[in-house]
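Biologist: Thanks for making time for this one. Could you walk me through the fold and how its helices pack?

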Amino acid sequence: MRVTLRSKTDYRRTLLRNQLTSLVHFESVKTTKNQAKQLVAFANHFFNQIKASDVNSRRRAAGILFSPLAIKKVFDDLLPRYSQETTTFVRPLSLGRRLGDNAALTLISFLPALKQSPATTVTKPSKGKDDS
């Protein structure tokens, strides 16, 4: 079953762009489960499109994100941090139910950055005879 947020496309697109901008600013967003499903797919697609860090990627990011500070943070902080990542950049975490309307809440945050291990050199013992 497909999850729909609202019937109007412009409302849904603006909602996702606004939540993506908040996700970039604060690096986590708390939202409902249905919005989270849409936002995770939208955010992963967005970061895969702009991974190249060229002029075209900056223009694409400027067309989606609402804040110039968010654009700067994406290219100066987030993309270098996740340079080893290939497809998934954000993840949903279930938080339970919201008081009042009992809606399922989800926290969307960036994945922990992969630690770049320094290249270790392993010396293999020689196969020749010992010179003792």
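This is a predicted model: local features need pLDDT of at least 70, side-chain atom pairs count only at pLDDT 80 or more; totals for chains, interfaces and linings use all residues.

Biologist: Good start. In what order do the elements of the protein run from the N terminus on?

Modeller: The protein has four helices and three strands. Read from the N terminus on, their order is α-β-α-α-α-β-β.

Biologist: And what share of the accessible surface of the protein belongs to carbon and sulfur atoms?

Modeller: The accessible surface comes to about 9,400 Å² in total. Of that area, the share belonging to carbon and sulfur atoms is 52%.

Biologist: Among contacts with a separation of 6 or more, what percentage comes from residues 24 or more positions apart?

Modeller: Here we count contacts in the protein with a separation of 6 or more. Residues 24 or more positions apart account for a share of 60%.

Biologist: Let's turn to the helices. Are H2 and H3 roughly parallel or roughly antiparallel to each other?

Modeller: Helix H2 covers residues 33-49 and helix H3 covers residues 55-64, and their axes come within 9 Å. The axes cross at roughly 155°. Angles over 145 degrees count as roughly antiparallel, so H2 and H3 are roughly antiparallel.

Biologist: How many nonpolar residues does the contact of H2 with H3 have?

Modeller: On the H2 side we find Phe42, Phe46 and Gln49, which meet Ser57, Arg60, Ala61 and Ile64 in H3. Sorted by class, this contact has two polar residues, one charged residue and, to answer you, nonpolar residues numbering four.

Biologist: H3 also packs against H4, I gather. Which hand does the crossing of H3 and H4 have?

Modeller: The axes of H3 and helix H4, residues 68-81, come within 9 Å and cross at roughly 140°. H3 and H4 are therefore oblique to each other. The hand of the crossing is right-handed.

Biologist: Which residues in H4 do Ser57, Arg58, Ala61 and Ala62 in H3 meet?

Modeller: By class, the contact of H3 with H4 has four nonpolar, one polar and two charged residues. Ser57, Arg58, Ala61 and Ala62 are the H3 side. Their partners in H4 are Ile71, Phe75 and Asp76.

Biologist: What about H1 and H4: which residues of H4 make the contact with H1?

Modeller: The axes of H1 and H4 come within 9 Å and cross at roughly 50°, which makes H1 oblique to H4. The crossing is left-handed. H1 brings Thr21, Val24 and His25, and H4 brings Leu69, Ala70, Lys73, Val74 and Leu78.

How values were computed
Residues are numbered from 1 along each chain as its sequence is written. Side-chain values use heavy atoms; hydrogens and water are left out. Axes are lines fitted to C-alpha atoms, for helices over the stretch in contact, and angles run from 0 to 180 degrees between N-to-C directions. Helices (H or I, at least four residues) and strands (E, at least two) are DSSP runs, numbered from the N terminus. Angles under 35 degrees count as roughly parallel, over 145 as roughly antiparallel, 65 to 115 as roughly perpendicular and the rest as oblique. Contact means heavy atoms within 4.5 Å. Ala, Val, Leu, Ile, Met, Phe, Trp, Tyr, Cys and Pro count as nonpolar, Asp, Glu, Lys and Arg as charged, and the others, Gly among them, as polar. Accessible areas come from the Shrake-Rupley method with a 1.4 Å probe; for residues, only the protein chains shown count as cover. A crossing is left-handed if the near helix is turned anticlockwise from the far one by less than a right angle, and right-handed if clockwise.
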